[in-house]
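Please read these notes with the chain open beside you. They are numbered so that each point can be checked in turn.

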Amino acid sequence: MRARHDSAVCSLLTGGFDLDIKGWGGEDVHLYRKYLHSNLIVVRTPVRGLFHLWHEKRCVDELTPEQYKMCMQSKAMNEASHGQLGMLVFRHEIEAHLRKQKQKSSSKKT
């Protein structure tokens, strides 16, 4: 039978967070990969009350290109809906369509 471990024990068994990582992001991915390569069993928690506490993500210029990309991806995934992101990506197409519709409507009136 395998013993259950809390996060503090798991961190001790795997060496915990990499303290050499500076700036935003990467430390959690690195720790997760360490868990996966250990003899621990990694599962998603069934506990409904366990969640990641929201915090603002600041993607500063001092980040490496990889960290900056990860930071922006995280912001996109967590701070905007799929629909909102789509509206931003296709903004120029939408604006062009609205202009055409407005022109058609104006020409019908004259």
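1. Some ground rules come next. This is a predicted model, in which local features need pLDDT of at least 70 and side-chain atom pairs count only at pLDDT 80 or more, while totals for chains, interfaces and linings use all residues. Residues are numbered from 1 along each chain as its sequence is written, and side-chain values use heavy atoms, with hydrogens and water left out.

2. The protein chain has five helices and zero strands. Helices (H or I, at least four residues) and strands (E, at least two) are DSSP runs, numbered from the N terminus. In sequence order the pattern is α-α-α-α-α.

3. Of the 110 residues in the protein chain, 14% count as buried. Buried means under 20% relative accessible area, exposed means over 50%, and partly exposed is in between (1.4 Å probe, protein chains only). Contacts (heavy atoms within 4.5 Å) can also be sorted by separation in sequence. Among contacts between residues at least 6 apart in sequence, 45% join residues at least 24 apart.

4. G15 lies in the loop between α1 (7-14) and α2 (27-36). G15 is exposed, with a relative accessible area of 56%. G15 and Y35 are 20 residues apart in sequence, and their C-alpha atoms are 9.7 Å apart in space.

5. Does the length of helix α3 agree or disagree with what its residue count predicts? Helix α3 covers residues 65-79, which is 15 residues, and at 1.5 Å a residue it should span 21 Å. The expected span is 1.5 Å times one less than the number of residues. The end C-alpha atoms of α3 are 21 Å apart, which agrees.

6. Which residues of α3 are buried? They are Q67, C71 and S74. These three cover an arc of only 65° around the axis, which puts them on the same side of α3. The arc is that of the directions from the helix axis to the C-beta atoms. An α-helix has 3.6 residues a turn, so residues three or four places apart point the same way. On the other side of α3, P65, E66, K69 and M77 are exposed.

7. The disulfide count is one, where a disulfide is a pair of cysteine sulfur atoms within 2.5 Å. C59 and C71 form it, with their sulfur atoms 2.0 Å apart. The link of C59 and C71 is left-handed, with -85° about the S-S bond. C59 lies in the loop between α2 and α3 and C71 in helix α3, so the pair ties together parts that are 12 residues apart in sequence. C59 is buried at a relative accessible area of 16%, and C71 is buried at 0%.

8. S74, in helix α3, is buried with a relative accessible area of 16%. Leaving aside neighbours within four places in sequence, S74 is in contact with W24 and K57.

9. K57 is found in the loop between α2 and α3, and K57 is buried, with a relative accessible area of 6%. Not counting residues up to four places away in sequence, K57 touches W24, C71, S74, K75, N78 and E79.
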